[in-house]
Amino acid sequence: MVTRTRCADLVQHLSALTAVSRGLGRALPPDCPAASVAALRTLSRYGEMRISRLTELLDVDMSVTSRHVAHLAARGWLDRHPDPQDKRSRLLRLTPLGEQVLRVASDRIAEELADFLLDWTDDEVTQLTVLLARLRASFDDCRPGHRATAAHTEVSPATAPQVAGTSKG
């Protein structure tokens, strides 16, 4: 079982990931900020959904999601169409242009990360990817009363999402 001391050390290192993420986000074009990439990636991974589901998956406020959706729709990167089961609701889905923008953005982020990890081996990157995926799985539903049991789930390199937004997940 992990100790509080080790967790305190980990917290310090995890706080640095915010700076890493911001740095990688600088590789993106101004009209496609990291938040837009996150929304596109979520739609790509999970497919068509209502805005309420996107809000839940992004773990942000509905007003934030609404702004992202408006930004993406204005650029033609996602489509909003009536939900056949509830005509009052809209379903969101990526357009082919949105899929292309996501591919380009993911490639740019991966290239930027590769520049920083020149002295890393593929095995080291795989190991970090697996551990980060396991850490993320531990927080899949961290709302009060919804603790995930995912911390005990095995994550293999084949199923682990790629680091820094280079996957569809």
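Leu10 counts as partly exposed, at 40% relative accessibility. The classes are simple: buried means under 20% relative accessible area, exposed over 50%, and partly exposed in between (1.4 Å probe, protein chains only). Leu10 sits in helix H1, residues 4-25. Together with Leu14, Leu17 and Val20, Leu10 makes a nonpolar surface patch of about 290 Å². Patches are made of residues with over 30% relative accessible area and no salt bridge; like charges are joined within 9 Å, nonpolar side chains (Val, Leu, Ile, Met, Phe, Trp, Tyr) within 5 Å. Accessible areas come from the Shrake-Rupley method with a 1.4 Å probe, and for residues only the protein chains shown count as cover.

This is a predicted model: local features need pLDDT of at least 70, side-chain atom pairs count only at pLDDT 80 or more, and totals for chains, interfaces and linings use all residues. Residues are numbered from 1 along each chain as its sequence is written, and side-chain values use heavy atoms, with hydrogens and water left out.

Now the overall layout. The protein chain has six helices and three strands. Helices (H or I, at least four residues) and strands (E, at least two) are DSSP runs, numbered from the N terminus. In sequence order the pattern is α-α-β-α-α-β-β-α-α. Of the 169 residues in the protein chain, 28% are buried. The accessible surface of the protein chain is about 11,600 Å², and carbon and sulfur atoms hold 54% of that. Contact means heavy atoms within 4.5 Å. Among contacts with a separation of 6 or more, 52% join residues 24 or more positions apart.

Thr42 belongs to helix H2, residues 34-46. Thr42 has a relative accessible area of 11%. Beyond neighbours within four places in sequence, Thr42 touches Gly47, Met49, Leu54, Leu57 and Leu58. Val101 lies in helix H5 and has a relative accessible area of 15%. With neighbours within four places set aside, Val101 contacts Cys32, Leu40 and Trp77. Val101 and Trp77 are 24 residues apart in sequence, yet their C-alpha atoms are 7.6 Å apart in space.

Next, charge. Side chains of opposite charge can pair when their charged atoms come close. A salt bridge here is a side-chain nitrogen of Lys or Arg within 4 Å of a carboxyl oxygen of Asp or Glu. The count is seven. Asp9 is partly exposed at 32%, while Arg6 is exposed at 58%.

Asp83 and Arg50 also form a salt bridge, 2.8 Å from N to O. Asp83 lies in strand S2 (residues 78-83) and Arg50 in strand S1 (residues 49-50), so the pair ties together parts 33 residues apart in sequence. Asp83 is buried at 6%; Arg50 is partly exposed at 33%. Arg50 forms a salt bridge with Asp86 too, at 3.9 Å between the closest N and O atoms. Asp86 is in strand S3 (residues 86-94), so this pair ties together parts 36 residues apart in sequence. Asp86 is buried at 18%. Arg50, Asp83, Asp86 and Arg88 are linked in a network of salt bridges.

Finally, Asp119, Asp122, Asp123 and Glu124 gather in a negative patch on the surface. Lys and Arg count as positive and Asp and Glu as negative; His and the chain ends are not counted. A charge is placed at NZ of Lys, CZ of Arg, CG of Asp or CD of Glu. Asp119 occupies the loop between helix H5 (96-116) and helix H6 (122-138). Asp119 is exposed, at 66% relative accessible area.
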